[in-house]
Amino acid sequence: MHTYLDAPAVVRATAPDEPVILNRPHAAARAARFFVEKFPGRSLYAVKANPSPELLRILWDSGITHFDVASIAEVRLVRALLPEATLCFMHPVKTASAIGEAYHVHGVRTFSLDTIEELDKIVAATSDASGNPAQDLRLCVRLRVSSEYAELSLASKFGVDLADAAPLLQATRQVADWLGVCFHVGSQAMTPFAYVQAIERVRAAIVGASVTIDIINVGGGFPSVYPGMEPPPLEDYFASIFRASESLPISYSSELWCEPGRALCAEYSSLLVRVEKRRGNELFINDGAYGALYDAAHVGWNYPLRCLNEGRSAEEEAFVFYGPTCDDADYMEGPFLLPADIAPGDYIEIGMLGAYGAAMRTAFNGFGEGDVAIVGDEPMASLFTGSREIPASDNVVSLR
Ligand SMILES: *Cc1c(COP(=O)(O)O)cnc(C)c1O
């Protein structure tokens, strides 16, 4: 794949008709090394945030050895690419055949669950041909915790309630070689207190069940930087998690895990789009709700962005975007601040789309072909450069 200096260099060289994902391997490697060196435990990568093989390889080469997978397709993908990786099947609702294949074919030993039924399913699917139960299961009970400090909730769907946790923890302890507790505070958690509060719930669960715990898995939710969403430094999260987990009544040999998706890959990619039509303050661009801008359309997420055409006005106006498909749902409210005289044919770079961007692309309506290129410049914002600056404008944070 060709490596360019930056987005304007891609425009000069190729004037692309299709949207282009611009990947920054150095930014993903930097994020991985940061977690490997600074998180006070083990960092798993949550594959769903961006399953691209190039990224998985970069993270592995930068010290990420454990991967949180949620489907048998993710298990197969990571196993084929990284034969030595440790895979943890952290979806609490799996099919028996997926569990069986993961355990017997791909060497998966770590599974999560939030019901007795799922526990029974795991035990049955991992037994040997004579029906003897597996002796090497590492099972994490998913606890329901609050999502109140996160921008995207993960609180309703999964997790056993604290009130029902004791019998499940005790039953799981009986069959698990290692017993863990996991949770997810919601994606883009804006304060370390989200984790402190969740760990307090873990304390109540393990005290209530009187079980010994081998793994505390604080899940994902670590933030990245977006306009209007500037979190405290990740070191603060790590320190708070460490302090809270140190005070739990657990064994000295127990491990602290986390499963970042977004934080490990948000800075990896930006997106290059073109304005195809302007109608007042509405810009029709060539990517949208069914492409890499899913979150911009469906949950109103905002991203840093810049117009790449030289000579455009310094005066900015608020725009909304329409994507390329034929329905009204392909609409992004922003507001996106861009030069007042932006025009059809202009290119826009949209930053911080490495997480839940490229991964969301569909081919709906014949769009979504898209290209990929590598660029060498810095992401529009970073939590890992140690040089966060005052925002230069409302929608460009930490421009370097
Ligand atoms: C989605 C998910 C993650 C990653 O979440 P981020 O908010 O992207 O860090 C981690 N663990 C589980 C179980 C998930 O479902």
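Helices (H or I, at least four residues) and strands (E, at least two) are DSSP runs, numbered from the N terminus. The structure is a predicted model, in which local features need pLDDT of at least 70 and side-chain atom pairs count only at pLDDT 80 or more, while totals for chains, interfaces and linings use all residues. Residues are numbered from 1 along each chain as its sequence is written, and side-chain values use heavy atoms, with hydrogens and water left out.

Helix α1 spans residues 7-14, and its buried residues are Ala 7, Ala 9, Val 10 and Val 11. Here buried means under 20% relative accessible area, exposed over 50%, and partly exposed in between (1.4 Å probe, protein chains only). The cover over these buried residues of α1 includes the strands β1 (3-4), β2 (20-23), β13 (269-279), β18 (347-350) and β19 (371-375).

Strand β2 has buried residues pointing both ways: Val 20 and Leu 22 point one way, and Ile 21 and Asn 23 the other. Two strands are taken to pair if DSSP finds at least two bridges between them. By this criterion β2 pairs with β13 in the antiparallel sense over four bridges, and Val 20 has Leu 272 of β13 as its bridge partner. The pairing of β2 with β19 is parallel and also runs over four bridges; in it, Ile 21 stands opposite Val 372.

Pro 25 lies in helix α2 (residues 25-38). This residue is partly exposed, with a relative accessible area of 26%. When residues up to four places away in sequence are not counted, Pro 25 touches Ile 58, Tyr 268, Ile 374 and Val 375, contact being defined as heavy atoms within 4.5 Å. By comparison, the C-alpha atoms of Pro 25 and Ala 171, 146 residues apart along the chain, are separated by 44 Å.

Axes are lines fitted to C-alpha atoms, for helices over the stretch in contact, and angles run from 0 to 180 degrees between N-to-C directions. The axes of α2 and α3 come within 8 Å and cross at roughly 45 degrees. That angle makes α2 oblique to α3, since angles under 35 degrees count as roughly parallel, over 145 as roughly antiparallel, 65 to 115 as roughly perpendicular and the rest as oblique. The crossing is right-handed; this term applies if the near helix is turned clockwise from the far one by less than a right angle, and left-handed if anticlockwise. In the contact, Pro 25, Ala 28, Ala 29 and Ala 32 of α2 meet Leu 55, Ile 58 and Leu 59 of α3. By class, this contact has seven nonpolar, no polar and no charged residues, where Ala, Val, Leu, Ile, Met, Phe, Trp, Tyr, Cys and Pro count as nonpolar, Asp, Glu, Lys and Arg as charged, and the others, Gly among them, as polar.

Helix α3 (residues 53-61) also packs with α4 (residues 72-81), their axes coming within 10 Å and crossing at roughly 60 degrees. The two helices are therefore oblique to each other, and the crossing is right-handed. Pro 53, Leu 56 and Arg 57 of α3 make the contact with Leu 77, Val 78 and Leu 81 of α4. These residues divide into five nonpolar, no polar and one charged.
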